[in-house]
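Please walk me through this structure in running paragraphs, giving the cut-off behind each term as it comes up.

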Amino acid sequence: MSALNRIYALIERQWVLIGGSWPRLVDLFYWPLVQISVWGLIQMHVFAEVQSPGTVVLAAVLGAVLLWDVTWRSQLGLSLAYMEEIWSRNLGNLLVSPLSPAELISSLMAVSVMKTFIAMIPAVLVAAVFFGFNLFTVGLALPLFVLNLVAFGWSISLVAAGLVTRYGQGAQDMPWALMFGITPFCAVYYPVEVLPDLLQPVAMALPPAHIFEGLRALINEGALEFAALGWAFALNVVWLGGGVLLYAWMLRSARARGALTQIGE
Amino acid sequence: MGPSTGPNAAPAAEAVGLTKIYGGFTAVNSLSFQLARGETTALLGGNGAGKTTTIAMMLGLTRPSAGAVRILGYDIAADGAKARARMNFQSPYVDLPKRLTVRRNLMVYARLYGVPRPKEAAEAIAERLRLSEHLKKPTGALSAGQATRVGLAKALINDPELLLLDEPTASLDPDSADWVRSELEAWRARTGAAILMASHNMGEVERLAGRVLMMKAGRIVDDAKPSELLQKYGRGTLEEVFLHVARSSGEEDAA
């Protein structure tokens with residue numbers, strides 16, 4: 001019960017920050033709205049030019065745009081909440097309180113889910129109203145896709161948080177750099193087979209590649225590929241477990257090097 | 001691992017052979033000391049003497065290269081959570097989130113430390129530290145002195161049995177600093193808590209501390225009451241003792 005109280009304390013702290021600041025609130029859903037608007041308009045223009053309905057391809061791309069943003073938001077939701085504690089020089093206070101690192105990470109994951117939902121609702125509505133794409137037509141597979149992409153976002157943010165904890169604010173661009181670096185291999189907007197042969201195994205080691213292959217199959221052929229989902233779940237166990245272990249290792253290394261007394265300076 | 005002698009019988013803190021080596025540099029060299037409950041101990045030394053590293057190891061923020069820290073009978077490395085619930089600290093090297101109000105910050109820490117009725121606890125500690133009128137203000141909007149008092153309020157929110165303070169009155173004007181010292185003295189007398197305080201303010205040390213641990217180059221070179229130190233070095237004030245120790249060579253210390 002006391003662990004839940006401690007987790008709740010940090011969730012409430014983040015919630016108050018978001019609710020009490022309209023720029024923070026706008027910042028959450030601004031980029032997903034820009035993304036879906038740009039991609040929706042590009043697709044409308046392309047299909048008007050080639051005078052082809054292209055409805056199915058359009059749906060696959062817009063679905064991918066929305067779901068990839070879920071990954072981004074979940075990753076940034078956790079990373080930025082963690083960075084917030086570093087920027088405000090509060091991490092030291094938290095680490096000497098009864099809050100355990102596992103409770104800290106759990107609270108940040110909850111904050112990430114909260115922020116992801118706030119961020120995605122306007123983009124999903126815009127896709128439905130202006131571009132005729134209803135994300136919920138994906139059906140019962142949608143929560144499974146979202147769960148996998150959120151979990152992958154967390155694993156990347158744990159790597160970034162670990163690097164910032166160990167190497168200080170010099171590594172604070174990691175949350176963005178890691179996600180941008182990994183994007184080409186996630187086969188978000190194109191099938192894995194588009195990648196050079198040498199890089200296809202890299203893509204297949206990433207859970208999002210299986211999710212987006214599954215999304216395309218579902219939208220194009222109406223078939224849910226259970227094998228793709230299974231691979232995504234299995235790989236996420238490895239990635240998330242790796243993220244947790246790396247964060248724990250970096251935290252241990254930061255304690256050994258005395259880096260936590262200077263963090264945030 | 002549980003407390004070896006029972007949590008109520010154990011000293012407030014105990015360092016055994018505490019050592020920290022960074023690369024080839026020994027920041028803290030085999031410190032051993034105990035802090036009794038109800039006692040205020042000052043940790044003195046020049047810059048780089050190893051005070052902050054010692055406090056960081058006692059908090060569990062920095063892992064010792066050798067030795068161990070026991071807080072209230074609990075090994076900080078193995079049983080840190082149990083120890084941390086019953087201790088607290090304040091330091092100018094950490095802050096509270098600036099955008100949150102004073103009340104919200106204190107409520108967050110009341111919850112983290114398992115204090116019942118966080119809102120009432122936040123208001124009570126704010127009243128004790130003359131912060132009630134600032135409860136609704138963002139913490140970042142406070143003056144340095146007010147922010148220091150909020151940091152102290154956070155450090156006292158759980159009525160800790162061991163309080164670690166790093167320069168507790170560094171940014172306070174003389175009047176506020178004097179008031180904070182009185183409040184700390186009264187709080188310690190009332191609760192029987194132990195305080196370990198790093199400070200460069202010798203007047204503050206003379207007033208608050210019943211015992212001084214003087215550090216130099218990572219070692220404790222003196223462990224005595226302030227009056228005993230004045231007698232030992234034949235000086236009139238702790239500041240003169242501090243300057244003598246800080247400027248003397250190792251051979252003189254040994255002599």
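**Around a loop residue of chain B**

Leaving aside its neighbours within four places in sequence, B:Thr169 is in contact with B:Ala177, B:Val180, B:Arg181, B:Asn201 and B:Glu204, where two residues count as in contact if their C-beta atoms, placed from the backbone, lie within 7 Å. This is a predicted model, in which local features need pLDDT of at least 70 and side-chain atom pairs count only at pLDDT 80 or more, whereas totals for chains, interfaces and linings use all residues. Residues are numbered from 1 along each chain as its sequence is written, and chains are lettered from A and ligands numbered from 1 in the order in which they are written.

B:Thr169 lies in the loop between β7 (162-166) and α6 (174-191) of chain B; helices (H or I, at least four residues) and strands (E, at least two) are DSSP runs, numbered from the N terminus. With 24 C-beta neighbours inside 10 Å, B:Thr169 counts as buried, a term for residues with 20 or more other C-beta atoms within 10 Å of their own, while 12 or fewer make a residue exposed and values in between partly exposed, with C-beta atoms placed from the backbone.

Seven bridges join β1(B) to β2(B), which run antiparallel, and B:Ala15 has B:Phe33 as its bridge partner in β2(B). The hairpin of β1(B) and β2(B) has two residues between the strands, and there B:Gly23 takes a positive phi near 60°. On the other pairing of β1(B), residues 13-22, this strand meets β4(B), residues 66-71, in the antiparallel sense over five bridges, with B:Ala13 opposite B:Ile71.

**Where the chains meet**

Between the two chains, 28 residues of chain B are in contact with 24 residues of chain A. The elements that give two or more residues to the side of chain B that touches chain A are α1, α2 (80-84) and α3 (102-112) of chain B, and α3(B) gives the most, with five residues. That side of chain B divides into 16 nonpolar, five polar and seven charged residues, where Ala, Val, Leu, Ile, Met, Phe, Trp, Tyr, Cys and Pro count as nonpolar, Asp, Glu, Lys and Arg as charged, and the others, Gly among them, as polar.

In α3(B), 11 of the 11 residues are buried, so this helix is largely enclosed by the rest of the structure. The buried residues, including B:Leu106 and B:Tyr109, pack against α1 (2-19) of chain A together with α4 (118-128) and α5 (144-156) of chain B. After α3(B) comes B:Gly114, whose phi is positive, near 70°.

**A helix pair in chain A**

In chain A, the axes of α6 (residues 141-167) and α9 (residues 207-221) come within 9 Å and cross at roughly 160°. The helices α6(A) and α9(A) are therefore roughly antiparallel to each other, a label for angles over 145 degrees, whereas those under 35 count as roughly parallel, 65 to 115 as roughly perpendicular and the rest as oblique. Among the residues that make the contact are A:Phe145 and A:Phe152 of α6(A) and A:Ile211 and A:Leu215 of α9(A), and the residues of this contact divide into nine nonpolar, one polar and no charged.

Notes: Two strands pair if DSSP finds at least two bridges between them. Axes are lines fitted to C-alpha atoms, for helices over the stretch in contact, and angles run from 0 to 180 degrees between N-to-C directions.
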